[in-house]
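Me: I've got a structure I'd like to talk through with you. Can we start with the overall fold and then zoom in on one residue?

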Amino acid sequence: MKTRRLGSLNVSAIGLGCMGMSEFYGSHDDNESIATLHRALDLGVNFLDTADMYGPFTNELVIGRAIRGRRDQVVIATKFGNERAADGSWIGINGKPDYVRRACDASLQRLGVDHIDLYYQHRVDANTPIEDTVGAMADLVRAGKVRHLGLSEAAPKTIRRAHAVHPITALQTEYSLWSREPEEEILPTVRELGIGFVAYSPIGRGFLSGKIKSPDTLESSDYRRSNPRFKDGNLERNLAIVERIEQIATEKKVTPAQLALAWLLSRGNDIVPIPGSRKTKHLEENAAAADIELTADDLARIDDAAPQGAAVGDRYPDMSRVNL
């Protein structure tokens, strides 16, 4: 597996999003997830992305089990800020300094490690100055509990304010062929500041794989059923994008998911996609995308098939918590 730089951090060119191993995408199996995590490490996919809210809390426990005895092979990224109770209920977005410290200690314990490689604020707390939150995160770096800092779904002005307090290594935001909004302001901002970009949902929550043709494809507990882009009306129009991507992928003798990942990798060496995988076969398919070469003609056709703003519907039912 090739590697890339996120600011001052070296990671595999394609990471592994672990959220679906515990929640949100329907049923899951911890043993299967651990087998997938072990296969990722065997392939050199060393950049594992989790968060305390996934489960809640159980995702970090699964990763902790999987990396036991292999800590030196792993770059662990986890997040705080979306506060949930043990029963899964939503408490709110929390960026208060005392909460930052408590959340970090709890994540370290669940993961079974003495430091976190990349610690993100999962969502910006509109009621707490970013300077206060990042100041507390910087204290964790000085204490040796965290090596690098990150933000998720932060707006350009927030990124600049945070970076002035302590260097931000990576900014994580949704970016894919049907979510190209970061190209407008966010990517130029992080590149100016020397911050790496982590693209979550790089296959459009699985939609760009071509395997989701209707909401009925999804389990009843799958949270994508509430996503505006998967709703009737929007879904049919968004499928037209997928059909164009599928045609190009077929001609390239790759899968649509691989084409979507290869396109993201072509957008710059400072971009690292973290597709989610619960099964080994999907992990292996995604990892192979790092070796796909796209020609200038390929890129032009892809750009024509999925231009900026082509997707219909918001990324989330409630957009008030992103890009703050």
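Me: How many helices and strands does the chain have?
Reply: Keep in mind that this is a predicted model. Going by its secondary structure, the chain comes to 10 helices and 12 strands.

Me: What radius of gyration does the chain have, next to that of a compact globule?

Reply: For 324 residues, a compact globule would come out near 20 Å. The C-alpha trace spans about 50 × 40 × 35 Å along its principal axes. The chain's own value agrees with the globule figure: 19 Å.

Me: What share of the residues in the chain is buried?
Reply: Buried here means under 20% relative accessible area. Of the 324 residues in the chain, the share that counts as buried is 58%.

Me: How far apart do the centres of the positive and negative side chains lie?
Reply: There are 41 positive side chains and 45 negative ones in the chain.

Me: Now for the zoom: is Ser-179 buried or exposed?
Reply: Ser-179 is in the loop between β10 (170-174) and α6 (186-193). Its relative accessible area is 0%, and the cut-off for buried is under 20%. So Ser-179 counts as buried.

Me: Which residue's side chain makes a polar contact with the side chain of Ser-179?
Reply: Leaving aside neighbours within four places in sequence, Ser-179 is in contact with Glu-174, Arg-229 and Arg-315. The side-chain polar contact is at 2.9 Å, and the partner is Arg-229.

Methods:
Residues numbered from 1 in each chain as written. Predicted model: local features only at pLDDT ≥ 70, side-chain atom pairs only at ≥ 80, totals over all residues. Heavy atoms only, no water. Helix = DSSP H or I, 4+ residues; strand = E, 2+ residues; numbered from the N terminus. Buried < 20%, exposed > 50% of the residue type's maximum accessible area, 1.4 Å probe, protein only. Polar contact = N/O pair within 3.5 Å; in protein donor to acceptor, adjacent residues only side chain to side chain. Contact = heavy atoms within 4.5 Å. Rg over C-alpha atoms; globule rule 2.2 N^0.38 Å. Lys, Arg positive; Asp, Glu negative; His and termini not counted. Charge placed at Lys NZ, Arg CZ, Asp CG, Glu CD.
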